[in-house]
Amino acid sequence: MIPNATTIFGPPGCGKTYALMEEVEQELSRGTAPDRIGYCSFTRAAIGEAMDRATSKFNLEQKQLPFFRTLHSWAFRGLGIQTTDMMQREDWGVLGRDLGMLFKGVSAISPDDGLVIPSGFEDADRYLQMQTRARYRKITLEQEYNDFNDRDLFFSQLKRLDKALTSYKAEMFKMDFVDLIEKYIEIGEVPYLELLIVDEAQDLTPLQWDMVAAIAENANRVVIAGDDDQAVHRWTGVDVSLFLTASPNHRVLTQSYRMPQSVHSLSQQVVRRISKRQPKKFDPTDRSGRVSYLMGTHELDVSEGSWTLMARTNSFVQKWAEQLRYDGYMYSIKGKPSIKPEMASVVSTWRMLQRGEGVALASIREMYDNVPKQGDNAVVKRGAAKLLDAIDPSEYMTYDTLVEKCGLIAPSHRDALDVARMGEDMKYYVRTIERRGESITDTPRINVSTFHGMKGAEDDNCAVFLGSTYACVNTDHPDDEHRAMYVGITRTKNRLCLIDTDMRYKYQL
């Protein structure tokens, strides 16, 4: 427990970040320098939002807020190390060859990222997941192995990997992401702060809580914020009880500015199933909203409006995305549009040129970078992009000008989809989208995501697929499933559609 701390519990849409900015504003009004205010979290998204709001609201520059950082970035800076000191992709390759193992889920991730647990399904990745999580949880390898309960893996191999990794890092003077936290707790430079804010604290591991405690010792006032009902990262080593007992003072935000009444009512039915939680009474908006129950994804009409479609696992998300593609809807998944922006830009630019319109030089450059430059389908001559360097950046280029001066060789009647090097399947997809009256250059109005991927986000309309898996339904940790469903159904501002299924395993509402 941190004695000088207050915990703010922020239910969905209750303005947690706004409340934290009020804490910052209060501190600044006392004359506190911005560099004496710390704001940490385990995710870059939370820090990015806080930084954007703080710089805008208080007319500050980012450099004036040096302690608005993820915990890994904070440790990286406080230890004074370089990126080259961290384990890189090639290091994992060497280690894997020495062990006779292939690491696919580990890459050179920036320390600005959040909690780094290796992904992937190779045996090497799963062993490394156990080794990493054991350190975040501050438990022995044997306990983690028993908790992981994957009998396809062997404890002797886990110990072998741990020994080899430790030796490699010592020999090569390298660190991994867990080392950042461990070393900072041991020897890191801890700044003096008037205010320390710890956001999304429900998702911190025991080791990260130790780092927070070390920073808090040098802070005059500490505010801890989060929502235990949305603690969906237990698999990474999170212990939500540490958040629930983090401080002697509690405050609950009591007004949701997102959830309509019907969704709020349903959410409370789900959240009351969670066995270990802080009770929270909060009010919905004055909108009634709408909750619909459908018998399958085929019944969902997403022809209008902004939608987010959510499911429990990535495999369900991929299937839903495939259905959207078949139906001719453009969508985004993990922030990536179903049609690459550069491809859409080429189509748009070529069509403008076909109509005799002038096109900005930046768009012409992007087209030149993404079209064929040799063979029967060449659009521009090889090296033609260099000819654009002589053009005034403010000039608008027409088809005739590009042919005359800049190496454009494709005839103006060529189909824009051919110019963009689309295969037949992609052409059919684009034409189906356009028959719906939608543009492939617009930001997709449909998003597809797991529940975890939507944490902290919202949309006007949301659909939640109730299908699940054997492992989820028969888990030893049912609170995980209730929290995941709670996150999913509380993202909507207007309409919520619950999609039933005849699958054997599903979440029972």
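Mentor: This is a predicted model, in which local features need pLDDT of at least 70 and side-chain atom pairs count only at pLDDT 80 or more, while totals for chains, interfaces and linings use all residues. Residues are numbered from 1 along each chain as its sequence is written, and side-chain values use heavy atoms, leaving out hydrogens and water.

Consider helix α14, residues 361-369; helices here are DSSP runs of H or I with at least four residues, strands are runs of E with at least two, and both are numbered from the N terminus. Its buried residues are L361, I364, M367 and Y368, where buried means under 20% relative accessible area and exposed over 50%, with partly exposed in between (1.4 Å probe, protein chains only). Viewed down the axis of α14, these residues fall within an arc of 115 degrees, so they line one face of the helix; the arc is that of the directions from the helix axis to the C-beta atoms. The face turned away from that buried side carries the exposed residues A362 and D369.

L71, H72, W74 and A75 in α3 meet Q208, M211, V212 and I215 in α9.

Note on methods. Contact = heavy atoms within 4.5 Å.
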